[in-house]
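The following account leads the reader through a single protein chain, from its overall plan to its individual side-chain pairings. Please keep the sequence and the model in view while reading.

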Amino acid sequence: MDLWAKDLTPTTELRSWYHEEKEDRYDEFVKKYRDELEKGQADLAEFAGHDSIVLLTAVKDVEASHVPILLDYLETELKRALHNWGCSLFWNPPLPR
C-alpha cells in the first residue's frame, strides 16, 4: 500500500452519529458525508502518478457504509483528473449498481 488517504473517510463525529440509528439515517448520512468530501481538505493530487487506485475497507456492510458514497465522489468528481493522471479506479469486489 502506497497511500492511506484517511482524510477521505467520514469524520468520527459523522460515523458515530450515523451508527446510532443506521436504518433511519442513511439518506442524511449520504448528504452529510458528501458535504464533508466537497468541503474537505483532501489533497487528491496525491493520487497522481499511481497506475491504479484500489479502495480497501474493513466495513462489514459495504452497501450501507461510506464506501459507495466515496466511490461515487471519486468517479464523478475526479474522473477527468484520474484520466489525466493516467490512473484507473477499481473496487474489489465490484459494488452492485
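By about how much of a helical turn are F29 and Y33 separated in helix α2? F29 and Y33 are four residues apart in that helix, and this spacing corresponds to about one helical turn. The model is a predicted one, in which local features need pLDDT of at least 70 and side-chain atom pairs count only at pLDDT 80 or more, whereas totals for chains, interfaces and linings use all residues. Numbering starts from 1 along each chain as its sequence is written, and side-chain values use heavy atoms, with hydrogens and water left out.

The chain contains three helices and two strands, arranged along the sequence as α-α-β-α-β. Helices (H or I, at least four residues) and strands (E, at least two) are DSSP runs, numbered from the N terminus. Of the 97 residues, 29% are buried; buried denotes under 20% relative accessible area, exposed over 50%, and partly exposed the range in between, with a 1.4 Å probe and protein chains only. The accessible surface of the chain is about 6900 Å², and carbon and sulfur atoms account for 49% of this surface. Such areas come from the Shrake-Rupley method with a 1.4 Å probe, and for residues only the protein chains shown count as cover. Among contacts (heavy atoms within 4.5 Å) between residues at least 6 apart in sequence, 72% join residues at least 24 apart.

Helix α2 spans residues 22-39 and has a kink of about 45° centred on E28. The bend at a residue is the angle between axes fitted to the seven residues ending there and the seven starting there. The buried residues of α2 are R25, F29, Y33, R34 and L37.

Apart from neighbours within four places in sequence, L70 is in contact with L8, Y33 and L37.

The structure holds four aromatic pairs. Y18 and F29 form a stacked pair, because their ring centres are 4.2 Å apart and their planes lie at 15°. Y18 belongs to helix α1 and F29 to helix α2, so this pair ties together parts that are 11 residues apart in sequence. F29 and Y33 are also stacked, with ring centres 6.0 Å apart and planes at 10°. Rings of Phe, Tyr and Trp (its six-membered ring) pair if their centres lie within 6.5 Å; planes under 30 degrees apart count as stacked, over 60 as edge-to-face and the rest as tilted. The relative accessible area is 3% for Y18 and 2% for F29, and Y33 is buried as well. Ring pairs link Y18, Y26, F29 and Y33 into a cluster.

Charged side chains form the remaining part of the picture. Side chains of opposite charge can pair when their charged atoms come close. Six salt bridges are found in the whole structure, each being a side-chain nitrogen of Lys or Arg within 4 Å of a carboxyl oxygen of Asp or Glu. R34 takes part in a salt bridge with E38, the closest N and O atoms being 3.0 Å apart, and in another with D72 at 3.3 Å, N to O. Since R34 lies in helix α2 and D72 in helix α3, the latter pair ties together parts that are 38 residues apart in sequence. R34 is buried at 16% relative accessibility, whereas E38 is partly exposed at 48% and D72 is partly exposed at 35%.

K39 and D35 form a further salt bridge, with their closest N and O atoms 3.4 Å apart. These two residues are four apart in helix α2, or about one helical turn; K39 is exposed at 60% relative accessibility, and D35 is partly exposed at 34%. Salt bridges that share partners also join E20, E21 and R25 into one network. R25, in helix α2, is buried at 15% relative accessibility. Not counting residues up to four places away in sequence, R25 touches W17, Y18 and E20.
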